[in-house]
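Hello,

Here is the structure I promised to hand over. My notes follow below it.

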Amino acid sequence: MNKISTKLAICFFIVVLIMESSLMYYLHQSIIHTRAEEEFSLLLANGANHRDVLIENYSDSTIKHIILMEKNENREVMITNSTGDIISSSDKSYMLQEEYQLLISDLNNEKDKILVSDWRNSSYIVSAHPYKANDQSGYVLMFQSTTSINQMVNNMNKHFIISGIASFIVLFIVYALLSKILTRPLIRMKEATEKLSKGDFNVSLPYLGKDELGDLSGSIYKLANDLERLKDERNEFLASIAHELSTPLTYLIGYSKIAMRKGLSEEEREHYLEIIGEESDRMKDLVKNLLDLARMDETSFTVSKEYFWANSFLENICKLVVPSYEVKKIRLNLVCESDFQIYADSIRLEQIILNLLDNSLKYSNENSEVTLKAYKKDEKTIISVIDTGIGIPADEIEFIFEKLYRVEKSRSRAYGGSGIGLAVVKELVEAHGGTIEVKSKLGEGSTFKITI
Ligand SMILES: Nc1ncnc2c1ncn2[C@@H]1O[C@H](COP(=O)(O)OP(=O)(O)OP(=O)(O)O)[C@@H](O)[C@H]1O
Ligand SMILES: [Mg+2]
């Protein structure tokens, strides 16, 4: 009872059974009714015919002729006179006279009439046709045996039973097909999802066409591939993080050992401790960025937008970064011609801009220039960070937003990045429902433009 095909088949069975039984019953009844009506009208027509002949030419020879005409097994004729006596009969055994004695003596109909119509229980159907010829009157009585009509009904019942059994067989075949077409793919999909839940993503499902089952099977296949890809990505990501963390750790361990050596001058020790400090900062940044990313992957991550003024917001950000810009002798320009309101999560937007400004600082040479520009266009806020730094090779631009992706690993080591900043920026911009675009030329500079 747990199989969907069994449930379907039972519903199908009941519906078809009800439909078929009512149709068969209707058909059966109407065939029998038509056949009986046919018998009645034939009997009436024959009786009327004999009566007409008798009226036209009443004589002994006509009567004989009529009797002779009905000398067959299934039909008998009798002719009575005005006193109700039988003057002639085709039934020489006199059985009919006896059986229908009462009926014959009690005739009073003035028109042709079926006297006995119950063909199921009686051996004959009987019709009476009154006649008046010269001074003679009476009835022409017709008797039609019900054997043939009962035989026909019996035969028909047999046919109906055979077709009933045949339809049961067809229904059973339908059940078997349903179970094959419907249940088997479902069982295979169930097995596939069980495999997936156990961590085995290598599932194969047959092609099931373009119906709902096919769609479902396609979705499971896609899910398996996605999970496989995610697993690979996660492993790759973990390996990269391990690598990223191990590099500063190696420095920390190495330089701390050197710094502990006896006989080092104060200057040398200070130099090594400085390196240890820098590497610790780098590790702290990396861990902070990783935490940001992890938080953003949670589905609960939301931005809470509010209105705030652009000018003061951007000026505060510039104040935060200017000291590090000054160290590298890079000029930071803020271009925000008319003040306007930004609708965003101010803390997140600050994080975005700080990341972009940090990149521009890291990837620009001394004595260059970086511009932070903001304006409103079609109800949207556009913020650009434009630098004249080292630029990004054209074939690398599409990857820079990927987690842990850095242009030339050696280059980033020199600049101290870990390749997470832009991944965080992109997630944050998208969480705002915005977009980020990059234009960059190697050796000439880069422009990052966000629209929110
Ligand atoms: N303004 C820029 N000019 C030139 N290259 C850039 C610029 N911004 C990003 N890049 C390149 O894109 C890569 C990815 O940047 P991303 O900010 O994600 O990582 P990162 O700066 O190396 O490290 P961090 O996680 O500390 O930000 C960088 O390694 C750098 O090579
Ligand atoms: Mg960065």
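A backbone N or O atom of L422 sits 2.8 Å from an oxygen atom of ligand 1. That is a polar contact, meaning a pair of N or O atoms within 3.5 Å. An N or O atom in the side chain of N359 is 2.9 Å from an oxygen atom of ligand 1. For K362, a polar side-chain atom lies 3.1 Å from an oxygen atom of ligand 1. In total, 21 residues surround ligand 1 (a heavy atom within 4 Å). The closest are Y363, D387, S418, I420 and L422.

A word on the source. This is a predicted model, where local features need pLDDT of at least 70 and side-chain atom pairs pLDDT 80 or more, while totals for chains, interfaces and linings use all residues. Residues are numbered from 1 along each chain as written, chains are lettered from A and ligands numbered from 1 in written order, and side-chain values use heavy atoms, without hydrogens and water.

Now the helices (DSSP runs of H or I, at least four residues, numbered from the N terminus). Helix α9 (residues 346–362) packs against helix α11 (residues 421–431) at about 150°, with axes 9 Å apart. Axes are lines fitted to C-alpha atoms over the stretch in contact, and angles run from 0 to 180 degrees between N-to-C directions. In this contact (heavy atoms within 4.5 Å), α9 supplies residues including N359, and α11 supplies L422 among them.

Finally, the domains, whose bounds come from an automatic or database assignment. They are domain 1 (4–151), domain 2 (232–296) and domain 3 (302–451). The C-alpha centres of domain 1 and domain 3 are 107 Å apart.

Best wishes

Notes: Helix = DSSP H or I, 4+ residues; strand = E, 2+ residues; numbered from the N terminus. Polar contact = N/O pair within 3.5 Å; in protein donor to acceptor, adjacent residues only side chain to side chain.
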